[in-house]
Each structure stands twice: as structure tokens, then as C-alpha cells.
Amino acid sequence: MKINVLHLSDIHFEKNTDSILLRATEIAASNYFRAREAELTLITVTGDIAYSGSQEEYKVAETFLTTIREALIVETGKPVHLLMVPGNHDCVLKPKDAVRELIIDSIIKDQESSKNSDFVKQCVKVQENYFAFREKMNGPEPIFDSPLWTEYEVILNEKKIRISAINAAWMSRLPENAGTLVYPIGEFNSQLTAPSDFRIALLHQPYNWHQQQSYHQMRTDIRRHATAVLNGHEHIGNAGKIEDDLTGSSLYFESMALQPHEKNAEAGYASYLFDLEARQVFIQRYLIGITDISEMDDGVILDFPTAAEKSRSSIELRSSWVSDLNNPGANFIHPDKSEILIDDIYVFPDLKDWEHDEPGRVVSISSERVLDRIKAMASALIIGEEKGGKTTLLHVYTKRLFSLGYFPVYVKAAEINNVKSPGDLEVRINRFIEAQYVNHKLLSSVPKEKRILLIDDIDRFKSGVSAIPHLLVYAENHFGSVVLTAAQSFEISSLASSSASELLQKFPKYEMLRFGQKLRLRMVKKWCGLGQLTSLAELDKRVHQVESIINTVIGRNLVPQLPIYLLILLQSCDQHQHGEIQNSGFSHYYQFLITKSLGQAGVTAEELNEHYNYLAHLTWFMQEKKVREISKAEFKFFNDGFSNKFSSVDCAERLLILVRARLLSQRGDCYSFAYPYVFYFFLGKYLSIKINKEPEIRQWVEEACSKLYLRENASAILFLTHHDSDSWIIEKIIGVVKGCFSDSEPMHFNGDAETINQLVSNASDLVLAAPDIDRNQEKSRARADELDVVADQIPDATPDENGELNFVAKFILLFKTAEILGQILKNYYGSLEKPFKATLLKEVFDGPLRALNLQIQEITSDMDGFVSYIESVAFKDEKKITLDERKKLARKVAVNFLGWLGTAVVSAAAYYVATDKLRDDVSTLVASNPTIAYRLIDIGTRLVRPGAIPLVEIEKLAKELKDNHFAFQILQALGVNHLYLFHTDVSEKNRLCSMLKISMQNTKVIESAGRDTKLISKK
């Protein structure tokens, strides 16, 4: 059985001279073949039939649509129904209705008022001409009709076809702004969930034109129950299939404008032939030319789900359980969203696959992919840290599985007690089923392969280890697959019950990994995407700002890279941006984490100062002992000393609070700080208090600064600078930078790169593939994750017998220390005096440039040998090229390698000080010393981050570097990296490419402009 849908939209009729009127018969004829193939044809018009909603415009539309409908009826002799929804142009919005405007403002502020029938009636008055026209066109009789929703039902070969016509334009106004519409979708739940074999939903404005709070539920409900969703409004034709966490599989169809009002815009429409038996739809789009109508492509075929897969109205999740599943598990607050749901922020973690583990390498798999294995009836045991997100993962699995037609049952092992037989288990599992499902008894008739059991915290099974075999045997008998979670310390082999151990050994084992930079980027993008941002370029800026803060705060595993901590930091970023946190430097982010933890442990605001002082003294107590863990007796000794000096503290109670707050961790009878950031935050705080009061503290800081190659010292001094901008401390850090490669001059690129320039005759033109920005951003973070793993394995440097570090250690020390200076500049840009800032900036520039110069000199001192080495290694097996060609290629590789090295150094120095807050200071420094190197770093401070491209400076420098191929290559690379990582205005992109001899393959200017500057889609 087939249904033919002719999709028209955005016709904008004004008068009877509209050119589209002459094409009605031609449009009908283009659909004859597919209409003959089908048992039913639906002509769907998704809004903007008229241009301004006048009666005269609808008279023109009547002639046009009647012609198409009658032509199809005559050609096929089969039913042809005309169905429509209004668009914003179908509203009479001039002159403005003052009462309606006030009502709309009220609804935007209080979305619940959208359910007020009097408000609705007043708002849809502007559509009276549209509704009169709809009635006149004699469409099928609706089975439900209201101002905001019209429901149609067609019975075809005993199949129930439902069409939901949704009036999304009821609140349209002038001007029409994205993100302002509201729709009370919950009021029509009974229509949307009514049983059907096939459902189509029609609306004009896409979801992203609705307010955040409104669009999420609207999108979820429509996608869950409609097989296909048709819309117009944006005049861009598109179609596709969506797999969604909550709603499963659904199709979307966006129509071109039949008569666009934009200058030079293409006109078109589409037809869809749905084969309900084969569950496929054939999509054909048409382009209306000046003289003819042509097919835009060969057509596209998509699969769609059956009604049974799409609608399970007989077995639904309870609303209370859905609410629990949607809860992210903490009271997170976003300034632009009143309620945060788990789908708004969730990112699937990666898992270590123990079954495919390799020595020296972690084999990881996305937990989203593991879900595919679970659907294929494979079980899993997932272990992870406390607060690592195990429960949330199972909740997300529950939602995803249910949306895909499975029936998951979530069970807390800690709530199953007194199990002595399989019968006991059935009773207890059924309690969970009853709490989670409406009509829960029907679940017993669901096939086993569609039932999935999710058991949380199997290591906390209240009935004991001996009862685990009963549980697993019962699960195997009644569920297609079983997913278990347990603590990271859960050891299967050491279980007291050998039968439990044997059964659990059969489960493929996965371990939740912490969030590296790639997954952090995904989460930051989701969080920032909740804000009121209108373009991808604007999103890039916000993401870069927040991501930079979070990566700096996390540092080298200072803060646990777990979702809960990342979300707290994201929230603190927003609060700091809005002035809710007042503090200097990065200390407020750590303070936010610590204060939140203490508050959750019961510490009041009045008690915070004393607890902070207590912890600061505790860190120094441990630092003096050069230990990171102390016994309970040692802790009591410290507590007694603190009580005598400051105020009495009950030792047992304090330990309980600090462990509960997860600031301390307990291992038997010993205690340590739970995370590095807690220790170093309070150590830095202690040092900042005592540095000008106690000489021995000042001496300790001075010695630590002299040995910043030790990670503990670097962390201590870094946190000290978060608390204190004392110039004495900064001078000590400057001294470290100056001491690295002090006998080398900074590279200037003014004549000191001639040896390299002689290898090539001119700068290369680059031909690059059109960038996929989002993919490139993820790839760059994935590479950073790999480098982080390598860096974590590098031990602290050890000086030789003369106290000297080797080159690599000194190189790492220089860049790490330059980064600390950059953080100081960013933190205290408003309190450091300009001359002192200039000194710091100069060291951030000169230090890396000295290291680069030393490396370049080392290589170029025997450039012929370097080129020969590359030739012998890279091209020794190349038999098809001549000796001269091999030498030429080797020279090119040598130049590219040195260019990569120069770009890395320039980019690093630029990144350390890349902020608008230092823009004037950087410009002043470069103006006083306008070497090519300084100018490259200056330009780099703008290109290593999103934002406006400094085209004037780039063009001027590019012209000067006509014969300086090495420096031009670095400038070129900076430009390429910017284009690959950030969304850019198309005119800026084209100008930059022209200046830097870059051309992009497979890209059109118009298409690029659309992608880079369009509104952020909320689809």
C-alpha cells in the first residue's frame, strides 16, 4: 500500500498575476507517475499560502490549488486530499493588534498561559481569513478541530492514516524572531498518541523557532508518535532520518519555497511516495525554472519504522519515572534555561573494553556503541568510579532502549533484599516494573529479546553475594540481555561465592573512562548551546571561552575529569560571567567546587572560613612531613594543635564531614586529600597567607620556583599565583623563563631564516578540502588527549651532576613556565601595571622564540645532512622518481617540518596570552619591537581562537614576506588552522584565502555562507 504526498510550501500569493499560477498544471503533471502508483494522494501545504493573509490573496490560492487537485483526480481516479497549516504570512499582522501583542508578551513570560483558551482565541484572530479559506477548499472532515490543532483520519485498506495539522504560527508577529514561539503540545497529547498505522505531522515553523522550554517537549512528542514531520518557513529543501534518544526513528521533510520572496532564490517543491509495506519512502525534489520544472536529483530512498515500532501506547513509561530519567541528578542552573534535562547536557562516556585490552594501550569504545551490543542480546558489566556517572548511563540507556522499541527495567541492587529463591526475585523485580510502567502486566507478554534488565550497583546487592546466582539465572531466563554496574574496586575473582564469580566472569567487562578533551568539548558545546546564541560563530566564541577555563582548571588531572565536576565548573563559568562570583584569577572555580562540596556535607556559610583555615593548615602539616597520607593518630595530633591555636574542633566529627564532602578520602585508618586540586588549592592559600609573614615559607617558595621542573612544585606555585599576584613571586617565575636557553637569542625571522628560505624558491599554494569544522574540532581534541596520555607517562626531570637539565626537560620547563606567566597575565590583567605586564609579555614571547632559535640553528648548521637524512629515510624505497626529484621532495619535507616546528612555537606563545583583555598590551609591545616573530605571535593571538580575523595586519605582513618563505609558511599555517577549527564569515574566509595562497576544494561561496552564518539549528 502506497501513499503519495505532494509537499508545497511558502507560496506567498499576492495577486492573480503571480507567475506561479501558470505552473499549476505542470506541477500536477510532474506528480502523475507517483500518484498513479499510490492508493491515496495527499497535497500538503505547510504554511505561507498567502503573503499577508488577505481574502484577495486566498482567492488566487484557491484557483491554483484547485487546479492541481482536480488534475490529479482526473489522472488517477483515486482519492486526493488537500491538507494545510497556516504560516506567519497567513496572519494579518498589520496594523498591529495591541491586545494580541500584550498577550503574546505574557505567554512568553509564562508559558503555562498558552493553555488559556481566551488568549488562544485572541491570538488566532489574525488567521480568520486562513480558516475561512481552509473551509472553502473542502478538505477531508477532521475528527478533531481546534484553533491550534486539526486531526484528520483516513482509512485505507483497513489501515488507519492520521494527519496532525499543527498551527505553529498562532503567535507569529512582526518581526518574526527565532526562539520566541510557544506551543502547548501537552494539550493535544490524546490526539498525538491515538492509535494509528501511519502518522504525518504538518507545521510551518521548525522547532528551533520555539522557545527552549517549549520546543524540547514539542519536538520529543511529535517525533515519538509521527513517522514523518513536514514543515516550511526557512525556504531550504531538505529531508532525512533522525535517531533520537527519546523518540526513536522518524523522518523530517523541509520544503523549498514554491514562490520565494528573496531575490535570486530558487523555487521548488517535493513529492514523497510512502510504501507502507516495504517501510520505505522515495523522495523526489523539483526545481522550478523559468521555462520548465526539473527533477533536482535521482531521488532518495529512506526507511521508516512500522506503527508497532513507533507507537507503544499500550505500554508506556510512567510520567513519574520519565521525570526521574530526565533529571540530571543535581540542581544545575543555566542562566538561559529554567529547567535542565539530562538530554540537554548528556554526553556518552567512553569505556575501556577489557575483552580487547592490549598491553600498553587502552582500547576504548563509546558507551553509545556498547548499547548496540546490548540490543543484540549481549550482556555487559560496567565498572566505574563513585560519582562517575554509572547510574546516569543506565538511565540514558533506559530512555534510548524504550525509544527503540525495547522494554528496559532498571533495578537498584541495594533495594533487593531477602532473596532466597527465584520466586522472591520475581516479586521484587515486578515491583520495579510496576513503578516504571503503565499497564505493567502487559510486559510479561513481551518477547524475551525485547526485555532488558539494567541492574545498578551489583556490588551493593542487599541480599548478599550468595544470592547473586539466583538473580543472574532469573535474568537470563526472562531478559534478552543484562547490564550490570559496579564500583571500580569490584573484583569478581575474589567473591566469596564461586558460582557468583563463575556467572559474572561470562559478562563482557567495561570500565568507564574519565572525560578527556574530546568529550569535554561535546559537553561544553551542549551547555553553551542552551544559551541565547544565534550563529555558529557566536557558539564557537562561547565554547572557546568556557573550554579554555575548564581545561585550565582541570590542568594535569588536578580536578577529576568526571561529568559531575565538569557540570559544576560549567555552572560556575556562567555564574562568574554574570557577576555572581567575585574573585580574582582561577581560584574562584576551585573555591566553587570546594564550597559546594562542603555545603552538601552540611557546612554552613558561617562555618566556611574556619573550615578553609583548617584545611590550609592541614596541607602545610602534610607538606612539612613530605607525605600525602597520614594516619588517624597523626590527624588527631594536627587537630589538637589547630584547636589550641584557633578554635576547638571535634576530630571525629571533622573527619566525618571532610570525607562526606569528598575533600578527604579514607583508606583503612589513613587519610589523604581526595583530589590534587583540593590539596594544592589549600597549600597555595596557606603559602599566600604566610609568604610575607614567615621567612621559612618565603624560602620554601623560592626553592620551589628554582625547581619548577618538579610537578609538585609547579602545581604549588601555580596555585599560589591563583591566590596572590605578589610581584616577588612573579619575578621568581620570570627568572626561570630567563634561565632557559639564556645564551640563545630569540628568533626574529628577520634574516635569521635564510638557510631555510634557500631550500625553496617560493611559498607553496595550498589546495585544501573544504573543512568540516565540528569534525575538525573533535579531531584536534582527540589528538590532544593522545598527547596528554604521553605527557602523563613522562617522569619528572632530573638534573645532571652539574645541576643542569637536558634539552628536552628544559624545553618542557620553559613552555610550562611561560604558560604560568600567561595565566598570571590573564588573571590579573586589571591589577598589574602596564610596564610590568610588558615585561611579562616579553618573556612569554622571547622564551619560546629562544628555544625555537636554538633548535633551528642546530638543524640548519648541517642542513645538507638534515635533508640527506630525510631523503634516506623517507624516500629510500621510491624507485619511480629520479635522484633530483628525491632531493627536491626531501627539501620540501625539511621545510615543512621546520614550518610545523615554527608554527607550534608561535601558536603556543600566542595562545598563552590570547585574550581581548591583553589586546592593547600586546599591540604596544609589538609596536615597540616590530620583528616578524612578534608580529606573527600578535596575529596568532587572534587566529588561535574564534573571532574576527585581523585581515589588515595579515595582508600587510603577507606582502612583506614575499621572499621570506619560512615566515610566510607559518603565517599560512596559522590561517589554515583558524579556517579548519572555527566558523568564519564567508567574506573574511575568501579574503584570508586570497592573501595566504589558500584555495578550498568542493566548496561554493553561497553554500559556505549558509553553513557558517545561519542560525543554530535546534532540530
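In the predicted model, F749 touches L852, V906, I932, A933, L936, N964, F966, A967 and I970, when residues up to four places away in sequence are not counted. F749 belongs to the largest nonpolar core, a set of 174 residues, and is listed with L618 and Y677 as having the most contacts inside that core. Helix α33, spanning residues 883–912, supplies the largest share of this core, with 11 residues. A further core of 63 residues lies apart from the largest one; F348, I365, I452 and I468 are among its members. In soluble globular proteins, nonpolar side chains tend to be buried together.

The strand architecture includes an open sheet of seven strands with mixed pairing, arranged in the order β16-β15-β21-β17-β20-β19-β18. Its edges are formed by β16 (364–366) and β18 (407–412), each of which pairs on one side only. From one strand to the next, the twist averages 25°.

A charged residue, E547, was examined separately. E547 is located in helix α18, which comprises residues 536–554. This glutamate counts as buried because its relative accessibility is 6%, and the cut-off for burial is under 20%. The side chain of E547 makes a polar contact with the side chain of R781, at 2.8 Å.

Confidence in the prediction was considered for the chain and for two individual stretches. The pLDDT averages 90 over the chain, and 95% of the residues score at least 70. Residues 578–584, in contrast, have a pLDDT below 50, and this stretch has 12 contacts in the model beyond near neighbours in sequence. The pLDDT is likewise below 50 over residues 1002–1019, a stretch for which the model contains 41 contacts beyond near neighbours in sequence. Where pLDDT is low, the predicted coordinates should not be read in detail.

Note on methods:
Residues are numbered from 1 along each chain as its sequence is written. This is a predicted model: local features need pLDDT of at least 70, side-chain atom pairs count only at pLDDT 80 or more; totals for chains, interfaces and linings use all residues. Side-chain values use heavy atoms; hydrogens and water are left out. Two strands pair if DSSP finds at least two bridges between them. Helices (H or I, at least four residues) and strands (E, at least two) are DSSP runs, numbered from the N terminus. Axes are lines fitted to C-alpha atoms, for helices over the stretch in contact, and angles run from 0 to 180 degrees between N-to-C directions. pLDDT is the predictor's confidence in each residue, from 0 to 100. Contact means heavy atoms within 4.5 Å. Buried means under 20% relative accessible area, exposed over 50%, partly exposed in between (1.4 Å probe, protein chains only). A polar contact is a pair of N or O atoms within 3.5 Å; within protein, one must be able to donate a hydrogen and the other to accept it, and residues adjacent in sequence count only if both atoms are side-chain atoms. A nonpolar core is a set of buried Ala, Val, Leu, Ile, Met, Phe, Trp, Tyr and Cys residues joined through side-chain atoms within 4.5 Å.
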